[in-house]
Structure formats: C-alpha cells, structure tokens
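Thanks for coming, everyone. I'll keep this brisk. Please look at the screen.

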Amino acid sequence: MPHQDTHLVLERLLRLRDRREPLVAQIAEWVGEGIIEGRLQPGQDLNSVDLSNRFETSRTPVREALMLLEQEGLVEMKARRRPRVASPSLQDIRDIYQVRRQLLAMLAGLLVERATEDELAELRGRVESMRDLADKEDVDAYFWSHVQLQERMTEIVGNATLKQILDSLALRTLMLRHLSLTRAGRLAYSVDDQERLIQAYEERDGELASALIAGATVRALRAVEEQLEQDAPRTRTPGRAKRGRTA
C-alpha cells in the first residue's frame, strides 16, 4: 500500500489535522507507524534524545508526540522512566478482540442490508487486489489494504456511532492485526476469509456474513496468541532510533 494511504489512515485516527505543530504530527506518525508495523517492539524504549536528533528538534515536540500516542494506547509514559512502546497484557488483547468481534459482526450484517451492487463490486475489487498482495507475501501492503477495506465498509454502512466505537479501538488493534498477519500462512487464510465474506455480502446473507467475520476475528486472535507465545522466550534489546524513514 502506498505510504500516502498509510499517512491518511494515521492522520485521521490520530486527528493530526487538528495539530498546529506539523513536527509533532510528523513524529507521532513516524513512531505510530513503526509500532503498528512491528519495527518498534512492545516494551522497547523510545529515547527522546534519539528522536530529537532524528527530527532535528528539541525534546518538546517529541514529548508532545509521545503523549498523543499514549492517549491512544500505543505508548506508555511513567514517572522516572523512559517512554516505551505499550505492551498490552494477554487479557487486554483478548478483551479487545472480544469487543471487536461483536462490532464487526454488526458491521457485516448492516453492510448486507445497506450496500449497493456497485459498492459490493468495489469491495470485491479491493479483495482481488489483496489476493495479489497475499500471493506476493507483502505483509505491510496487504495489512494496510485490509485496513482500508474495513474503513470503506464503515463508510458504506453509514452508522456514525458504530464507526466512532470502532475508531476508538482502531489504533490499539492495528498493531495486533499486523502481528497476526506475520504468522506463516496467515495471509492466505486472511484473504480466503475476505473472499468468503464478499460472497456472503453478494448473496445478501447477513447471518452468514456476521458469522464469517466473527470467525475470522477469532482466528486472528489465535494467531496473535501464537506469535506472542513464540516471541516470549526472546530477550529484546531496546533499539535506538536512527535517521531515515524506517525504524
């Protein structure tokens, strides 16, 4: 997925357009994207001096950017400790997915009722593009395409309250959703799920669509649990920020 699309997603979810200080928005976006895509690992220190050097600024914009990410659950800031990437507990993760499963089931049911034939054709086109990305094993591009697919679904449904609730969980779940796709074979499973969903939408079977998306969410949670179990024995050494776009 082009970086510009990634930028638009983070800009909206972090409400960066409301920020008067462009540098704060730039730092928040860079750190947020690094956390979501796994280049900045849970528990990793976020060195304010390194970030200040990277962006050639004082520590004040860095602190403001990290505080913004703390509000969204991506960063932890505690007294007398360096800021670090948030590390949600397994129970927190399960709670998030439990809520997300119910919300997405509602979204799928409403989509069946409200989507036009042209809108369903658009969604199918998006899924076909995702199949190509899955075949190429391009995790990042597939992930952001999936994010945009679900964003488009909420737009089509047009339920502002449902969208607001999903948005409130979005940044906390993006990191987990990306992690789930890093498991071997997960891209193929994920795109298979999306193709079955599209068929259910086209057949106007709301009950089936809701069940399918709920099942896909449960499988994503299992993938996260398995990946966390695999990563647990590793000893992570906090990385230092370097110049450049990737962490």
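First, a term. Rings of Phe, Tyr and Trp (its six-membered ring) pair if their centres lie within 6.5 Å; planes under 30 degrees apart are stacked, over 60 edge-to-face, and the rest tilted. A search of the whole structure turns up two aromatic pairs.

One of them joins Trp30 and Phe55, edge-to-face, at 5.9 Å centre to centre and 80° between the planes. Trp30 sits in helix 2 (residues 22-36) and Phe55 in the loop between helix 3 (48-54) and helix 4 (59-71), so this pair ties together parts 25 residues apart in sequence. Helices here are DSSP runs of H or I, at least four residues, numbered from the N terminus.

A word on the model. It is predicted, so local features need pLDDT of at least 70 and side-chain atom pairs pLDDT 80 or more, while totals for chains, interfaces and linings use all residues. Residues are numbered from 1 along each chain as its sequence is written, and side-chain values use heavy atoms, without hydrogens and water.

Are Trp30 and Phe55 buried or exposed? Both are buried. That means under 20% relative accessible area; exposed is over 50%, partly exposed in between (1.4 Å probe, protein chains only).

Next, Phe143 and Trp144. They form an edge-to-face aromatic pair, 4.9 Å centre to centre, with 70° between the planes. Phe143 is buried, at 1% relative accessibility. Trp144 is buried too, with a relative accessible area of 1%.

Now Asp135. Its place is in helix 6 (residues 117-135). Asp135 counts as exposed because its relative accessibility is 55%.

That's it. Questions, please.

Definitions and conventions:
Helix = DSSP H or I, 4+ residues; strand = E, 2+ residues; numbered from the N terminus.
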